Amino acid sequence: MPRSELGSSYPGYRALMLALFGRSGRPPAWRARAACRDEDPAVFDDPDRTDDALAVCAGCPVVEECRTDQLAWERQSGVRRFHPSGVVGGLTGTERHRIHYPPKKKEVA
Ligand code: SF4
């Protein structure tokens with residue numbers, strides 16, 4: 001969420017930024033090139049608009065950086081234990097869940 005929406009007086013802002021972006025508390029530079037920077041964030045959380053969100057990600061020049069950061073954050077924060085939701089980095093929550101917890105291969109007799 002852009003800082004302008006939270007407001008500088010929001011007391012949890014710093015803690016939120018640290019949780020999301022690590023020690024610097026600053027979004028990574030690649031975010032300035034994100035295809036979703038001017039999109040309504042609700043599109044990425046609305047299960048009825050998953051295809052719209054995936055279409056935005058498909059044309060995003062920083063999809064690899066986004067995906068890598070998101071998967072790392074979900075691993076480090078423990079969020080992956082809960083089924084992730086929303087589209088991020090060109091992946092649905094279910095697709096990210098499968099990356100964190102790949103299905104076990106059945107042994108072939
Ligand atoms: S890959 Fe998708 S969610 Fe990530 S920055 Fe690009 S448009 Fe946004």
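Student: Which side chain makes a polar contact with the side chain of Glu74?

Tutor: A polar contact is a pair of N or O atoms within 3.5 Å; within protein, one must be able to donate a hydrogen and the other to accept it, and residues adjacent in sequence count only if both atoms are side-chain atoms. Here the partner of Glu74 is the side chain of Arg96, at 2.8 Å. This is a predicted model, where local features need pLDDT of at least 70 and side-chain atom pairs count only at pLDDT 80 or more, while totals for chains, interfaces and linings use all residues. Residues are numbered from 1 along each chain as its sequence is written, and side-chain values use heavy atoms, leaving out hydrogens and water.

Student: Is Arg96 buried or exposed?

Tutor: Buried means under 20% relative accessible area, exposed over 50%, partly exposed in between (1.4 Å probe, protein chains only). Arg96 has 1%, so it counts as buried.

Student: Where does Arg96 lie?

Tutor: Helices (H or I, at least four residues) are DSSP runs, numbered from the N terminus. Arg96 belongs to H5, residues 93-100.

Student: Which residues of helix H3 are buried?

Tutor: In H3 (residues 50-58), they are Ala53, Val56 and Cys57. They share one side of H3 because they cover an arc of only 100° around the axis, taking directions from the helix axis to the C-beta atoms. Asp51, Ala55 and Ala58, on the other side of H3, are exposed.

Student: What do the buried residues of H3 pack against?

Tutor: Contact means heavy atoms within 4.5 Å. For the buried residues of H3, the packing partner is helix H4 (63-77).

Definitions and conventions:
Helix = DSSP H or I, 4+ residues; strand = E, 2+ residues; numbered from the N terminus.
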